[in-house]
Amino acid sequence: MLTRRTLEVPLPERMELGVADRELLVATFQALIALRCEKDRRWEMFQKQLEDDGWKVRWGLTWRAEAKRGDDYEEATGATLDEALSGVAQLVRFDMAGRAP
Amino acid sequence: MAAETAVLAARDIFRAELDAIRAAGLYKEERFIHAPQGAEIDVEFPSGAAPRRVLNLCANNYLGLSSHPEVLRAAHEGLERRGYGMSSVRFICGTQDIHRELERRLTEFLGTEDTILFSSCLDANAAIFEAILSDKDVMIADRLVHASIVDGMRLARAMQDTYKHSDMGHLEEKLAEHRDKRFRMVITDGVFSMDGDLAKLDEIVALAKKYDAMVFVDDSHASGFIGKTGRGTPEHFGVTGRVDVITTTFGKALGGASGGCISGTREIVEMCRQRARPYLFSNTLASVIVAGTLKVLDLVSASTERRDRLEWNARTWRRLLTEAGFDIKAGESPIVPVMLYNAKLAQDVARDLFAEGIYVVGFFFPVVAKGQARIRTQLSAAHTAEHLERAIAAFRRVGAKHGILGKTKNEIVERYGL
């Protein structure tokens, strides 16, 4: 049975931790742990395969934003949270307008 | 078996979704026409009913060339001389001399450098952005561009952005914001199909020059009749040769069959020949349509009589509707929306007009924005003054029945809701 192991990080005094701040901290630590341990670092094998095939590979962490309303769904990614959310906003905006044939 | 269960479940889910579309009043029903396209057609509606002759006010047959005898003759000759199908994409063994000829003639007609044919303008719009733009570029589109442009933008890797409909101040803000991108492309319809209004193409071209951006125009609802000689919105605004990319269709004024093209700077067209996926992986445009479209270009180049007639019809129809007390969208194109705001009212008015022998369709969300339900009337050069008189008499009777004549938007909304 897996034991849930957690790391406690003391926050600076008087710091107000909002929902977005909490999300950011959780995402940051999850990303670090994923890079260090995820599935025996199989990503290294995929990278090597691609490089062996002549691909120049770059990778990095990215923001992903989703918007869902009823059956409508849009998602976008971006290097920053601004970029990801503005991407979703643009996609949603396209769908809000009517479209005559 | 799990697979069989999933397949059966899928059918149940699809049935439920279709029922929901019907329940929401959004189910699209086809009406069967027992005649060639024209000002008057024989329509079977509802399905199984005896066809009845009605006046057609909802086709994109702007120049009345869909069943023109000379176009039919040219298409027949094309069929005889070049066959029915090519069984190939263009670059393998699907390019005939007449494909090259049509591309040359379109280039000349639109005042560009080169042209490439597609099976539809939807294909052209789906192809272009992915073919020429990369993740270093940005596409800045009017928020009311055609659905096929939205699909094309979604397929491209370039950043997407939009500006408020025809708001040049907002477009300028966006162009300034994206100064750091390699290429900026401003994307617009020439004539917007919902409201029939024209893009401010002269201002767009000026802004594009100021911010070193390319301009893309879908002129499907303009080619053949907007502008003094029907060359489209660039001619109307005096910017012929200053638009980088024009897409247009042969499925509306230019014969009404199908097919479309990208016309523009030589390098962009050449890139599309190498990279545009709908061009590379879909059959060539049928020879019979190529032959018919060549004849259409002969006709529209030889005389402006049809586009002049259409202009007169559109102006007259707008005046007749206004005098009758209908709330219409102002403009100068042959797309004349009669605003009803309420979706059920739009459907009821369309149904009553059909009973009066006038074929129009009610548009409501999601085809148009919520609270913007309407009947979109479309004029044709094939309409006569007698047709317009007959149509307005029917509109007056139906408008009076529903108590909407002379009413403002607020009064209609107060009575029928949004």
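Chain A of this predicted model holds three helices and two strands. Starting at the N terminus, its elements follow the order α-α-β-β-α. Burial is in short supply here, as 5% of the 101 residues count as buried. Contacts tell a related story: taking pairs at least 6 apart in the sequence of chain A, 5% link residues at least 24 apart.

Chain B has 16 helices and 14 strands. For its 418 residues a compact globule would have a radius of gyration near 22 Å, and chain B has 22 Å, which agrees. Some overall values for each chain are set out below.

| Chain | Property | Value |
|---|---|---|
| Chain A | Span of the C-alpha atoms along the principal axes | roughly 55 × 50 × 30 Å |
| Chain B | Span of the C-alpha trace along the principal axes | about 65 × 55 × 55 Å |
| Chain A | Buried share of 101 residues | 5% |
| Chain B | Buried share of 418 residues | 49% |

In chain B, 70% of the contacts between residues at least 6 apart in sequence join residues at least 24 apart.

**Two domains in chain B**

Chain B splits into domain 1 (32–61 + 305–416) and domain 2 (69–302). The centres of these two domains, taken over C-alpha atoms, are 28 Å apart. Where they touch, domain 1 of chain B supplies twelve residues and domain 2 of chain B supplies 14 residues. Which elements give two or more residues to the domain 1 side of this contact? They are α13 (305–324) and β11 (335–341) of chain B, and β11(B) provides the largest share, with three residues. By class, the domain 1 side has five nonpolar, five polar and two charged residues.

**Sheets and strands**

One open sheet of chain B is built from four strands in the order β1-β2-β3-β12, with mixed pairing. Its edge strands are β1 (32–33) and β12 (358–359) of chain B, each of which pairs on one side only. Within this sheet, β2 (residues 40–44) and β3 (residues 52–56) of chain B are antiparallel and share four bridges. B:E40 has B:L55 in β3(B) as its bridge partner.

With β8 (residues 214–218) of chain B it runs parallel, joined by three bridges; here B:V217 has B:I246 as its bridge partner.

In soluble globular proteins, nonpolar side chains tend to be buried together. The largest nonpolar core here has 127 residues, and the members that touch the most others are B:I128, B:M139, B:I140, B:V186, B:V215, B:C272 and B:A346. Helix α5 (residues 121–132) of chain B makes the greatest contribution, nine residues. Both domains of chain B take part, each giving at least three residues to this core.

Beyond its neighbours within four places in sequence, B:I128 is in contact with B:G152, B:V245, B:T247, B:I262, B:C272 and B:A276.

**Where the chains meet**

The contact between the chains involves 18 residues from chain B and eight residues from chain A. On the chain B side, the elements that give two or more residues are α6 (147–155) and β6 (159–163). Sorted by class, the chain B side comprises ten nonpolar, five polar and three charged residues.

Notes: Residues are numbered from 1 along each chain as its sequence is written. Chains are lettered from A and ligands numbered from 1 in the order in which they are written. This is a predicted model: local features need pLDDT of at least 70, side-chain atom pairs count only at pLDDT 80 or more; totals for chains, interfaces and linings use all residues. Two residues are in contact if their C-beta atoms, placed from the backbone, lie within 7 Å. Ala, Val, Leu, Ile, Met, Phe, Trp, Tyr, Cys and Pro count as nonpolar, Asp, Glu, Lys and Arg as charged, and the others, Gly among them, as polar. Two strands pair if DSSP finds at least two bridges between them. The radius of gyration is taken over C-alpha atoms; the globule rule is 2.2 Å times the number of residues to the power 0.38. A residue is buried if 20 or more other C-beta atoms lie within 10 Å of its own, exposed if 12 or fewer, and partly exposed in between; C-beta atoms are placed from the backbone. Domain bounds come from an automatic or database domain assignment. A nonpolar core is a set of buried Ala, Val, Leu, Ile, Met, Phe, Trp, Tyr and Cys residues joined through C-beta atoms within 7 Å.
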